[in-house]
Amino acid sequence: MTLIKSNGYNIIIGDNSIDSLSNFLEIKKYTSYFILSDQNIIKLCLPHLLIACPKLITAQIIKIKPGEKSKSLKFSTLIWQTLIDKNADKNALLINFGGGVISDLGGFSAATFKRGIDFINIPTTLLAMADASLGGKTGINFNEFKNIIGTIKQPKGVFINTEFLKTLSQRQLKNGLAEIYKIALVNSHPFWNELAAFSEKTSYIKLITKSIQIKNKIILKDPFDIGIRKSLNFGHTIGHAIESEFLNSEAPMLHGEAVLIGLLIESKISYQKQLISKPMLIEIYSVLTSHFKPRSISEIPISSIINRIKNDKKASKNILLFSLINGIGSFKIDVIVSETQIQKAITDHNNLIR
Ligand code: ADP
Ligand code: ZN
């Protein structure tokens, strides 16, 4: 079992993490428990959780529909209404049991209910284990804008058990892997080299632990995302724009799938800005395209991607600021990028990935 100390809470990783959860609940003496989850996780993972932690058998289950569309005010309202209907007081605990959608939505709803009740995260996707469940970013989408309403509020604990990954689809595993490659690209060349050699045999628990250790160091230094934490947005300015573009399409893109394309295009921008060399850019394309199959975005008008970036919460006035890489394993934040540069990077990318 690994214990990583974060911002006022512990992240517990390992097969015994649910035992630690039982101890945690024993000590905390909450007045009631609410488990926020979606129908897939309730079916596939909840029985395992309840067997390992019988204290939660009395918990009220709040069930939402799976998918990014549930990260909305409608479902926050459902959570608040259930908490009210079941007389949740200030000492109630919300348990976010699921992927990033659940921890973002649940964290936001808990942070705002009665000016804040405690919540913990028990991630069930690779993406949430390695990335979304720690750091305290919570929020919902609004009017098609990703994560535009939200707050930073730390969970009281994160309990990670990779057993839950056994039922996760290959597509969802790749989705989480994309964020792990991002963390390496931005912060650790040795970790990037390990990931370049990734194979089916690689242990997820090692990758998750490494990602968390790296991310934790950054968020401890900059919990409110005003300085170095912005480095973790690498791939996300373009990635969010692409994700939003596909949000209401017949085949929506997963967050990690969009971020993967963002990593490629923003690496091109880093190259244009002379922050990385041509061989580095080639290495990044070759490693990422050998482990992932990025979807083509050539049917999306580049102007609509640029418009979305302008409306991104990170854009201030009309200056477009990007977090880029400055070599493999190091970063540069707040780099001004022009529309022409974005246009060129996307055009070059589209010529390679059709
Ligand atoms: P994330 O934001 O972490 O990528 P989501 O919360 O969108 O994840 O969940 C992705 C999908 O995977 C949802 O349909 C969810 O029901 C499903 N899911 C989550 N965890 C598991 C699991 N352990 N096994 C099978 N399906 C899961
Ligand atoms: Zn992300």
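How many residues does the largest nonpolar core have, and which of them have the most contacts inside it? The core has 93 residues, with Leu21, Leu49, Ile242, Ile297 and Ile342 having the most contacts inside it. Keep in mind that this is a predicted model, where local features need pLDDT of at least 70, side-chain atom pairs count only at pLDDT 80 or more, and totals for chains, interfaces and linings use all residues. Residues are numbered from 1 along each chain as its sequence is written, chains are lettered from A and ligands numbered from 1 in the order in which they are written, and side-chain values use heavy atoms, with hydrogens and water left out.

**The core**
- A nonpolar core is a set of buried Ala, Val, Leu, Ile, Met, Phe, Trp, Tyr and Cys residues joined through side-chain atoms within 4.5 Å; buried means under 20% relative accessible area (1.4 Å probe, protein chains only).
- Helix H7 (residues 170–187) gives the most to this core, nine residues; helices are DSSP runs (H or I, at least four residues), numbered from the N terminus.

**The zinc ion**
- Glu179 (OE), His236 (NE2) and His255 (NE2) coordinate the zinc ion (ligand 2) at 1.9 to 2.1 Å; donors here are N, O and S atoms within 2.8 Å of the metal (3.2 Å for Na, K and Ca).
- Glu179 sits in helix H7 and His236 in helix H10 (residues 236–247), 57 residues apart.
- Both Glu179 and His236 are buried.

**Ligand 1**
- A polar side-chain atom of Asp38 lies 2.7 Å from an oxygen atom of ligand 1.
- For Thr124, an N or O atom in the side chain is 2.7 Å from a nitrogen atom of ligand 1.

Note on methods. Buried means under 20% relative accessible area, exposed over 50%, partly exposed in between (1.4 Å probe, protein chains only). Helices (H or I, at least four residues) and strands (E, at least two) are DSSP runs, numbered from the N terminus. A polar contact is a pair of N or O atoms within 3.5 Å; within protein, one must be able to donate a hydrogen and the other to accept it, and residues adjacent in sequence count only if both atoms are side-chain atoms.
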